[in-house]
Each structure stands twice: as C-alpha cells, then as structure tokens.
Amino acid sequence: MKLRRLTALLSIILLMLAFPQYGFASKNDKTTSEGKDSDNNRAAILDIMDDMTIEEKVGQLFIVHVYGKTPTDPDYEDINLRNNRGGENFQEVIENYHVGGVIYFNWTDNIGTPLDAAQVNSLSNGLQDIAMVQDNPIPLFVSTDQEGGIVQRVTSPGTVFSGNMALGATQSEEYASQTAAILGTELSSLGINMNFAPVLDVNMNPENPVIGVRSFGEDPDLVSRLGIAQITAYQDENVIASAKHFPGHGDTAVDSHTGLPIIDHDLETLHEIDLKPFKAAIDAGIDSIMTAHIVVPALDDSGLPATLSKPILTDLLREEMGYDGLIITDSLGMSGANVYPQDRVPVEAFKAGADILLNPPNVEVAYNGVLDAVQSGEISEARLDESVYRILSAKMKKGLFENPYTSPDAIENIGTNENLQKADEIAEKSITLVKNDDAILPLQPQSGDILITGPSAAQPNLLSNLLNEKGLMTSSFATGTSPTQEQIDEAVEKAQAADKIIVTTYTANTNENQQQMVERIQAAGKPVIVAAMRNPYDLMVFPEVDAYINTYSYLDVSVHALAKAIVGDINPFGKLPVTIPGLYENGHGLDYIDTPLSANGMKTLVGQLDEAGEITGDDAAHELTLHLTAVNHYEQKELADKVVKHMESFKLMLEQQKENGVISAKAYSYLETETVRLIEQWSNQ
C-alpha cells in the first residue's frame, strides 16, 4: 500500500510539473467554465487521486451505455451480456470497471417514450448510490444527447423544442438561451448532469445526412452567438455542456455513424468557418468539447479521423486554441472511429489527446486495451493522471462530490405549462415562408378541397387534422419515406381530384422518389404548396412549386406551428439560416403583411386588423394608433434611439393588450412580428 501511494504521489508531482496550469490559476484564464481550481479543490482532487488504483483511474475515462430501467433491472441481463456491456446490469458494470459515467438512450430503455420522469430520476439516483459506496466513492457523469429538435432523448411530457436550425431561423440569442435553460432544468430534474450539446457545426452542405437541422445554420457568427447563449444557459443550470463535433462536421455528405467523412477545407476556411464557433465556445468557458470522426487533411494528412488525431486534438485544440477543458470522443461504436481493432481505438484516441472515451462497443475490450497500454508504459501514468484530474475537477466544480443526487420532487419542473408555451412560441417564430406565388398562402375556408400528402415521417395526417379543426376541408395520404410507385400513383390520383395540394417533404433534395412524386403532382396542374419538414433545401429539386414553407422539424410542436401559419393565424417570421443554392440567400424570408415597414405602415395594419374584428377593445386600436403616430414623428426626424425606445414600449403595450384579451392572438402575432422587424431596422442605423 505504501509503495502504491508513493508511486501515485510521484505521478502527481510529474503531472504538476508537466502541466503547471494545475499549480497556479491565472486570473484571465477562461478555458473552463468557472476558472481554475481553487487551492482547496486542487488539494482534494490530488488526495482522491492518491488513493486511486490504476484500474480505477482507467475506469474514470469511460462513459458507457447499459440497458435497463433500474440499476439492477433483471429484464435486461441477457441483452447486456450479448451486447458486451461489461456486466448484467448497471451495478455490475460500475463495480467491474469503475466507469466515470453513463449515457442514457431511448433504445436502451433508460429513458422511455413517452418519458416516465420518476423512473429516470430514480435510475440516476440509484446509479449515484452505487458509485458512492465503492472503495473510492466518485460520482458519475450521467449524460445524454438533448440537443432539441430531431435529437432529444427526453420527450413528451417533457418540453420538446423544434431544434437548432429553427432557432437559427429566429436569429434570437434570447430564444437559444431560454431553450437551453429549460432543457438544462429538465435534465437536472432527472439527475442528468452532462448534456452532449450544443451542436456547433456550421452546416454548409445541402446533402449533409447527419447534421443538417441539428446546426444553427451556415453563418459561423450566428452559430457562435446562439451556441454561446446555449452553453451559458446549460452551465448556469449546473449541467456540463459539450460543444460538438470538433473540428466541424458541417460540410460533409457522409454520415460518420456509417462511414468516414473527409472535410477538404483549406486552413483559411477552417479557421474562418468551421473552427470559429469552437474558439468562441472556448472563450466563453465551455466545459467540454466532443470530437468528430472526420478526416481533415489540412489539419492532419495521416488519414486518421479527428478523434484519433494528435495534431488535431493536442496540437490544435489544446496548444494552439488554448483549450484545457474536457475532450470527449464521439461514440467509439460509430463506423467513422473504427479504423483500428476495438482494443486499440480507445488507446489511440487517448494518446491523441482525448480525456473521456465515450460509448465503446465492447466495454471489457476497450477498458482492458487502455489498462494494458498504461501497464506496459505505452501510456504514461502522468498522461493518465492528466485526464483523471480534469475529470475529477469537472465533477467537483459541479458539486457532484458534495451532492450527486436530485430530489424526486424535482420532476415537477418537467413539461410545465410555461415551458410548453415557450416551445410553441419559438416554433411559431421559426416558420419560414420562402416562396408564395400569387399569395396562395394563407389558405382560407373557401380554398376548396385540399389534399395533404407526403411521407408519414413528415406528418401529413396530423397536419390534415389540425387544418380541419381550423375550418379547411382537407384529406390526407401518407407514403413511405421513399414512396413506392404505387404510392406515387395513388397520391397523383388523389391530387387530380383536389383543388390544392400540400406536400410535406422529408429531405426530398436527396430522395429521388419524393422528387418524382412532387413533380408528378405538379403535372396535374393544381396549385402545389410544399412544407419542408426537415432540411430546408428541398426547393432545389422542384423550384417551380407555388409556395414553399420551412418548419425545420417534423415534431408535433412544429406541425402545430405550421398549421397556424398555413391559415394565417400567425405571421411567418423566420429567416433562412442557410442558402438554398441558386434560389434564395441566407436571411431570406417572406410574411403576410403588405403594408410598409414603418410606423405609418403599422397604423394601416392596425386598421386592417380592427376592421377584421381582431381588435375588440373599445380603445385598443386608438391607443395603438396614437403610439404609432408618435413613433412616426421620430422616424421623420430620423431619431433612431427614440424610435427603438418607443417601439419597445409599443411591444409591451401589445403584450398587455393580449393578456387583457382586447386583441386576438392573430393581431398580436402580426403586430408583434412587425414591431420586432421595425426595431431591428432602426437599431441597425
């Protein structure tokens, strides 16, 4: 025992000599979310490490998945053994391999669909119980992927958001922050203390099969702004955030789950676009950064993916970019990482500079591979201690050593009415009207028979039901994601009998069968409206449709917002966060308002809404008009500050009138969106 302590002490001394940042904190250092460790924390971490065995230290490097709803769920013993989880249940895996953390998925039944909040809360607390009764009690990272949009493990009755590209369409840092604050609160309520979000990839490729709407958009400055807003909000909720996928997965047509993408950007492009949001995240104090399984020849010409690349993880991220937080690999079970045997992949990732080895396909093989490398001297104990220190430091800074548990009562914070209303508001603000020939939208009750068709994943049936509730006469026909010829024929036959057709598409720009279906429906000679329910690029392949509207997700929250936009209950507000090549630029977006963007134009709009019965209070229209008259006076004198100040007051007046029921939700939407645009216009002068 004394020999082991002496060896550990020497290793720690070497660690402090090799990495002086662990000795004295710099007042200006922003590379971690809360600055460097205090003297007390540093001493406590070194004491813990002094008592740890090599086996325990190696275990801390791993975050793994295990099947089951409880820590010792007997129903999943066989599947855990068959899938090489390292034991029959969570308890055995933690005890056998001293793992540093776990990751929850829906398909492992850790998180059900729909969510059973009490079950997840109990699972998290039970896992921490197991970790805290080991010889060296070290709390667990309990992690998941809760990006919002198409990648979110915690779903209804939790709060479901429309996702990052929808946020990009709103261009709102406030919405990005509110989204992450709600997601962070709900994760914490479930005992989840680490979230692999936000995505900071800059999506530049319309054929990107894995990022797409998971990105905020194609503008690195917008991605940086919204990303920082989310990082700050997550970490304010005491959830470890993780910027991904470094050094940038946005310009690829290959999915790293199934292949090995290559990013051919030159160094200038990488620094101006791909790396820019990650540098912003580092400056903002990001807790962790996740690596991408992508080859970037301009950064490393070895052909290795970034996850296994020392030039990318150590030379670039650590040394050149000055990052000293946690580096986490993307899942090591993905095809993009499997360029070595299973026992070597985690070793090479660790040698490249990663601290945490995420989700290896075979826990025992991965663990023993790293342990053997340490015991043989291939990985030095000083290098091992460097990562273990970072891991323990992150856990200590989040207060996990003090209290790793979450109260069972905390689940009351999940899916509150306030949270759900905010998700609805953001989805509504994201809807982007790209094309609207002959003002075909919004549709009216007298629009005739309307067919709604498209892949079932794009929710034509739900949209039809919602529009029928709003007074339209619709029928629906759902197809497969790649419609068969029989399905296409039937959709065309139904379209010929309809007056108008809405096609809900699902990444149709890369799906020839969907393209064929839209083209054949167009040939029927009826007005065709396309609602793109995932990536916004579908218009590239059928640019002649009469109207085109983007939701950026197929989730219920987005379909409800789409239905409101189609009938004009809300005024489309979103702006394209990406370019639709050859057609529309980043920032393009239409709405339903035909009055000028000015105070006088808004006075006309107030009159139109009043005449339509959307303003019911006796004095409401007069008060609004009076206020806008004053704003017009400041516009004439080009007093931008006065215009902005009085329009902000006007916005508060609208909110109060809506709460008092003297203006309708529709009137509020039209006047509020125009107010925001007018404030933006004068703020930029």
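Which residues of α23 are buried? In this predicted model, where local features need pLDDT of at least 70, side-chain atom pairs count only at pLDDT 80 or more and totals for chains, interfaces and linings use all residues, they are Ala640, Val643, Val644, Met647, Phe650, Met653, Leu654 and Gln657. Residues are numbered from 1 along each chain as its sequence is written, and side-chain values use heavy atoms, with hydrogens and water left out. Buried denotes under 20% relative accessible area, exposed over 50%, and partly exposed the range in between, with a 1.4 Å probe and protein chains only. Helices (H or I, at least four residues) and strands (E, at least two) are DSSP runs numbered from the N terminus.

The expected span is 1.5 Å times one less than the number of residues. The buried residues of α23 pack against α21, α22 and α24 (665–683), contact being defined as heavy atoms within 4.5 Å. After α23 comes Gly661, with a positive phi near 75 degrees.

Helix α14, residues 363–375, likewise has a span close to expectation: its 13 residues reach 18 Å from the first C-alpha to the last, against 18 Å expected. Its buried residues are Val363, Ala366, Tyr367, Gly369, Val370, Leu371, Ala373 and Val374. Their cover includes the helices α3 (54–60), α5 (90–97), α13 (345–352) and α15 (381–397), together with β1 (62–64) and β10 (357–358). An α-helix has 3.6 residues a turn, so residues three or four places apart point the same way. At the start of α14, a side-chain oxygen of Asn362 comes to within 3.2 Å of the backbone nitrogen of Glu364. This is a polar contact, that is, a pair of N or O atoms within 3.5 Å; within protein, one must be able to donate a hydrogen and the other to accept it, and residues adjacent in sequence count only if both atoms are side-chain atoms. Just after α14, Gly377 adopts a positive phi of about 90 degrees.

**Helix pairs**

Axes are lines fitted to C-alpha atoms, for helices over the stretch in contact, and angles run from 0 to 180 degrees between N-to-C directions.

| Helix pair | Axis separation | Angle | Crossing |
|---|---|---|---|
| α17 (460–469) and α20 (556–567) | within 9 Å | roughly 45 degrees | right-handed |
| α16 (417–430) and α20 | 9 Å | about 55 degrees | right-handed |
| α21 (599–611) and α22 (620–636) | 8 Å | about 165 degrees | left-handed |

A crossing is left-handed if the near helix is turned anticlockwise from the far one by less than a right angle, and right-handed if clockwise. Angles under 35 degrees count as roughly parallel, over 145 as roughly antiparallel, 65 to 115 as roughly perpendicular and the rest as oblique.

The axes of α17 and α20 cross at roughly 45 degrees, which makes α17 oblique to α20. Here Leu462, Leu463, Leu466 and Leu467 of α17 meet Asp556, Val559, His560, Leu562, Ala563, Ile566 and Val567 of α20. Helices α16 and α20 are also oblique to each other. Their contact is formed by Ala423, Asp424, Ala427 and Glu428 of α16 with Val557, Ser558, Ala561 and Lys564 of α20.

For α21 and α22, the angle of about 165 degrees makes α21 roughly antiparallel to α22. On the α21 side, the residues involved are Ala599, Asn600, Met602, Lys603, Val606 and Asp610, and these meet Ala621, Leu624, Thr625, Leu628, Thr629, Val631, Asn632 and Glu635 in α22.

**Individual buried residues**

Leu562 lies in helix α20 and counts as buried at 0% relative accessibility. Beyond its neighbours within four places in sequence, Leu562 contacts Ile431, Leu463, Ala531, Met533, Ile549 and Thr551. Leu562 and Ile431 are 131 residues apart along the chain, yet their C-alpha atoms are separated by 6.7 Å.

Thr314, in helix α12 (residues 310–320), is buried at 15% relative accessibility. A polar atom of its side chain lies 2.6 Å from the backbone oxygen of Ala352. Apart from residues up to four places away in sequence, Thr314 touches Ser309, Glu319, Ala352 and Gly353.

Ala229 belongs to helix α9 (residues 220–236) and is buried, with a relative accessible area of 12%. With neighbours within four places in sequence left aside, Ala229 is in contact with Glu173, Ala176 and Ser177.
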